[in-house]
Amino acid sequence: MGNPIVEYAKSLDQVSRERRRDFHRFAETAWLEMRTSAIINKILTELGYEVVTGRRLCLEEARTGVPEADVLKAHGELAIQQGAPKEYLTEDMKEGFTGVMGVLHLGRGPVVALRFDIDALGLIEDEEDSHRPFREGFSSENKGMMHACGHDGHVAIGLGVAEALMKLKGRLHGTVKLIFQPGEEGAKGARAIVAQGHLDDVDYFVGTHIAPAGGPDDGDVTPGTWGSLATSKYDAHFYGEAAHAGGFPEKGRSAIVAAANAVLNLTAISRHSGGISRVNVGTFQGGTGRNVVPDHAVVQFEVRGETTEINQFMDQEAVRVCNGAAQMAGCTCRMVLQGGAESQRSDEDFLEQIAGIVENRLPHLKVSSCKNAQNWGSEDISLMMNRVQGHGGKATYMRNMTPMASAQHTSTFDFDEKVLVEGIEVFTAIVWELCGGQEDGAWAVRT
C-alpha cells in the first residue's frame, strides 16, 4: 500500500478547491460567519463528528467586538439567501455565536487540537480581470468583506483533514478536536473558546497559516513560529456637551478636542526598554457639523508588545492617556476592548518533531531551513497555545508556504491552491504520528 495520507489528501484536491472558492465568494467577517459555520456544521455532522457550536463553543461574556443586534439579524437573513443550510444554521449562530468544533473520539490516547480560523477582512475586493477570483467568478459577493488573508483556504484544509481522519480512524487512538475559530482578525474569537474550557485537556495543539513562499521560509512547511506580539485593540468613546459654537461656546465640552489630545498623546507613549512595543491610531470619527461643539468622538487604536508584560504596560498607559485627555477637556471616556492576544512561542521539541514527521511521512514536501520563523504580527491563537502550554502540553503555530498574487490584507490577494492538499497532508500526518497511526494498522502509544 502507498502512503494513505497522500492518497486521501490528493483525492480531496478538487473538492477542497471548490470549498475554498465557495467560502471566498461568500466572505463573512468576525461573528458574522453564519453561512460558513452552518456549512462546516453540516459537513462535520454528516461525517460523524461530535459537533459543538453556539454558546457551548464560545463563552458569551468572553466575546469581544460583537456587531449590534440589527447587524446580526440582517446578516442571518443574508446567510440564508446565500445558501446556508437552514437546519444547520442554529439560533445561536444567528445571534453571533459562530464557529464550530468537531470532536473525534478514538478511545484512550492523547488529546490533539487543530485550529482553523474562518473569518474574512473588512476589505472591498478588486474588480479587475487581472485578479483571478474576479476573472473566474468567485470574488466576494458581500461588499466590504473579503478573504484577503487565506482563511477561506484554512477552512478548506480543516474540512479536508476532517474527511481524511475519518478514513484513517481505524488506525488511530485518542481524541481529536478540530476547532474552526471565528473572529481571528482583530483578535476577537479565540478568547471565548479558551474561556469555555475547550483547550484545558489538550496535550498537543497545532495551528497554521498560509504564508508567502520565498524569503526565510524557503520550504513548503515552516514547523513553528516565535515572536508573535501581544496586543490590545480598543475603541475609545469620548463624551462631552453639545453647544452652539458661536452663541454659547462656553456651555460646550468638545469631545473632538478630548479625542485629538488623546491621539497625540497615544503616539507619545514611552516605548519599553524590555523589547518591541507598538501603538497605532487607526480611525478618528466625531462631530455633526462645523458650528456645533461635538459631544461624541471615537478613536480606534491598538497597542502591541513583544511580551504580554510589555503589552500590559502599553495597554495601561493608553487607558491612562485617554482618561486624562477626557478629563482635561471636561469630558468622559469609555474604553471598549475589541480584541486582544498574548505573545506566543512554539515548543522547540514539538516543532522539531513535526519537522521529522514531514521529512519522514511526506518526503515530497520540503521543511524550511528556518524551522522556527520570527513573526512580528499578532494572533489570538496565542491564547490557545498558552493555555495548552500552561498545563504542560505542547503547541506550535506553523506556516504552509505558497505563491501569492499580492500581500495579505490587500484587495488583490490570492494564493496558489496547491497549498490546500499540502495542508491536509501535513495536519493529517501530524495526527497520524501523535495518535499512533501505523501503515500495518498496529497501534502504538507515543510518549
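Which residues form one aromatic cluster together with F116? The cluster consists of F116, F180 and F427. The structure is a predicted model, in which local features need pLDDT of at least 70 and side-chain atom pairs count only at pLDDT 80 or more, while totals for chains, interfaces and linings use all residues. Residues are numbered from 1 along each chain as its sequence is written, and side-chain values use heavy atoms, with hydrogens and water left out.

Rings of Phe, Tyr and Trp (for Trp, its six-membered ring) are taken as a pair if their centres lie within 6.5 Å, and the planes count as stacked when under 30 degrees apart, as edge-to-face when over 60, and as tilted for the rest. By this rule there are six aromatic pairs. One of them joins W226 and W376, an edge-to-face pair with 6.0 Å from centre to centre and 75° between the planes. W226 belongs to strand β7 (residues 224-228) and W376 to the loop between β15 (372-374) and α13 (381-390), so the pair ties together parts that are 150 residues apart in sequence. The helices named here are DSSP runs of H or I with at least four residues, and the strands are runs of E with at least two, numbered from the N terminus. W226 is partly exposed at 24% relative accessibility, and W376 is partly exposed as well, with a relative accessible area of 30%; buried means under 20% relative accessible area, exposed means over 50%, and partly exposed lies in between, with a 1.4 Å probe and protein chains only.

Two rings also have a charge over them, which requires NZ of Lys or CZ of Arg within 6 Å of the ring centre and within 35 degrees of the ring normal. R63 lies over the face of W31, 5.4 Å from the ring centre, and K251 lies over the face of F248 at 4.5 Å from the ring centre.

The next topic is a pair of helices. Two packed helices are described by the angle between their axes and the distance between the axes. Here, helix α1 (residues 4-11) packs with helix α14 (residues 418-434) at an angle of about 145°, the axes being 9 Å apart; axes are lines fitted to C-alpha atoms, for helices over the stretch in contact, and angles run from 0 to 180 degrees between N-to-C directions. On the side of α1 the contact is made by P4, I5, V6, A9 and K10, and on the side of α14 by V421, I424, E425, T428, A429 and W432, where contact means heavy atoms within 4.5 Å. These residues divide into eight nonpolar, one polar and two charged, with Ala, Val, Leu, Ile, Met, Phe, Trp, Tyr, Cys and Pro counted as nonpolar, Asp, Glu, Lys and Arg as charged, and the others, Gly among them, as polar.

Helix α14 also holds I430, which is buried with a relative accessible area of 0%. Leaving aside residues up to four places away in sequence, I430 touches V206, I354, I357 and M398. I430 and V358 are 72 residues apart in sequence, yet their C-alpha atoms are 8.2 Å apart in space.

V358 is also among the residues touched by V367, together with G219, V221, P223, A355 and E359, again not counting residues up to four places away in sequence. V367 is found in the loop between α12 (348-361) and β15, and is buried, with a relative accessible area of 11%. From V367 to D218 the C-alpha distance is 8.0 Å, although 149 residues separate them in sequence.

H154 is buried at 1% relative accessible area, and beyond residues up to four places away in sequence it touches F116, D117, T208, H209 and I210.

Finally, some backbone angles deserve attention. Most residues other than glycine have a negative phi, and most peptide bonds are trans. A187 has a positive phi near 55° and is found in the loop between β4 (174-181) and α9 (190-195), where A187 counts as buried at 7% relative accessibility. H409 has a positive phi near 70° and is found in the loop between β16 (394-402) and α14; at 40% relative accessibility, H409 is partly exposed.
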